[in-house]
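Hi,

Here's the structure I promised to pass on.

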Amino acid sequence: MRSISQLLTVKYIEDSRLELLLKLATISNLKFRLATPLSRLVPPYLLPLFQMSVLMRYLGLGAAAPVADGKSPVRALPASWYTSQEMYELERRAIFSRRWLLTTHKARIPNTGDWIRYDVAGYQFIIVRGRQGKINAMHNICRHRAFPVVTKDQGNSLIFSCKYHGWSYGLTGNLTKAPGYQDLEGFDKSKNSLFPIHVHVDKNGFIWVNLDAGDKPEVAWEDDFNGVDEQPRFEHYNFDDYVFDHTWEMEGEYNWKILADNYNECYHCKVAHPDIPSIADLNSYYVETKNAYILHYGNSTPEQIANGFRVASTYFWPNASMNIS
């Protein structure tokens with residue numbers, strides 16, 4: 001069995017699948033039992049570099065740089081990473097519960113009490129505009145018996161009332177009423193609020209959430225997306241002029257990484273999207289990767305821009321992409 005590094009002595013590895021989990025756990029700082037803690041073996045300032053080198057070596061990306069013609073092959077993720085339930089559960093814990101997720105724009109909840117229900121990677125949560133205009137988010141799980149607090153996709157409420165036992169919560173998630181409990185000696189309503197979720201509203205009004213259970217997210221929004229809301233190409237848009245119009249949904253049985261792969265490569269564009277040349281120049285199309293987002297540049301012509309096709313496309317890892325025009 002291959003080991004992650006000669007520096008590590010790992011206990012209780014029973015099969016290659018667990019070895020793979022350990023590789024990713026090292027990247028994600030998850031807790032696995034090690035004979036010697038990694039932090040004692042690698043200086044703190046070298047730890048991120050060490051973790052990244054582990055993943056790159058595993059993926060075969062630590063070899064010599066590709067030649068300038070850009071035609072050297074690049075190893076894709078293993079096929080099992082797109083189908084393995086174990087891998088998906090690990091991604092839920094290591095990625096979706098720790099990283100910033102783009103959800104919507106503040107224009108969608110303009111009024112006090114406007115709320116939307118989301119389900120991302122199996123985590124249900126609510127985004128709501130509070131009484132002072134502040135946007136809050138909380139898990140859609142009643143603290144009494146874990147029944148969903150809201151069961152519709154969106155609405156307007158000044159109080160969230162669980163339909164199971166009548167526990168009620170305010171727009172910050174604070175418990176306001178707990179029939180049969182609130183008068184019990186020792187029952188503290190302040191300790192039974194809905195579990196809060198970190199919220200960041202960027203400079204353009206887009207709402208991001210982070211499900212990290214800590215008082216402060218381990219990954220700051222600026223760590224992954226600093227400057228993404230200040231792209232020079234956004235100077236052509238005034239987001240305060242936009243109003244919410246509608247949503248549409250499409251369901252499919254595929255792994256989330258398939259959607260990300262498809263959005264960020266244009267190998268299929270000429271065949272699958274023959275109308276793209278009407279809004280962008282595929283001959284000069286390129287992408288630019290920064291931190292946890294990918295900028296797409298279609299270089300629209302003056303004529304296309306005059307027709308309203310000045311398009312700014314961005315992919316936000318791990319869960320969202322956005323096209324603005």
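This is a predicted model: local features need pLDDT of at least 70, side-chain atom pairs count only at pLDDT 80 or more; totals for chains, interfaces and linings use all residues.

Leaving aside residues up to four places away in sequence, V209 touches R99, W100, L101, T103, F125, I127, A137, I197, H198 and V199. V209 also belongs to the largest nonpolar core, which has 21 residues. Along with V209, the residues with the most contacts inside that core are F96, I109, V120, F125, I127 and I197. Helix 4, strand 2 (114–120), strand 3 (123–129), strand 4 (135–139), strand 10 (206–210) and helix 6 each give two or more residues to this core. Another core, of 18 residues, lies apart from it, and W100, L102, V228 and F234 are among its members.

Now the aromatics. A search of the whole structure turned up 20 aromatic pairs. One of them is F96 with W256, edge-to-face at 5.1 Å centre to centre and 85° between the planes. F96 sits in helix 4 (residues 85–96) and W256 in helix 6 (residues 256–264), so this pair ties together parts that are 160 residues apart in sequence. Both F96 and W256 are buried.

F234 and Y237 make an edge-to-face pair too, because their ring centres are 6.4 Å apart and their planes are at 75°.

Cheers

Definitions and conventions. Residues are numbered from 1 along each chain as its sequence is written. Side-chain values use heavy atoms; hydrogens and water are left out. Rings of Phe, Tyr and Trp (its six-membered ring) pair if their centres lie within 6.5 Å; planes under 30 degrees apart count as stacked, over 60 as edge-to-face and the rest as tilted. Helices (H or I, at least four residues) and strands (E, at least two) are DSSP runs, numbered from the N terminus. Buried means under 20% relative accessible area, exposed over 50%, partly exposed in between (1.4 Å probe, protein chains only). A nonpolar core is a set of buried Ala, Val, Leu, Ile, Met, Phe, Trp, Tyr and Cys residues joined through side-chain atoms within 4.5 Å. Contact means heavy atoms within 4.5 Å.
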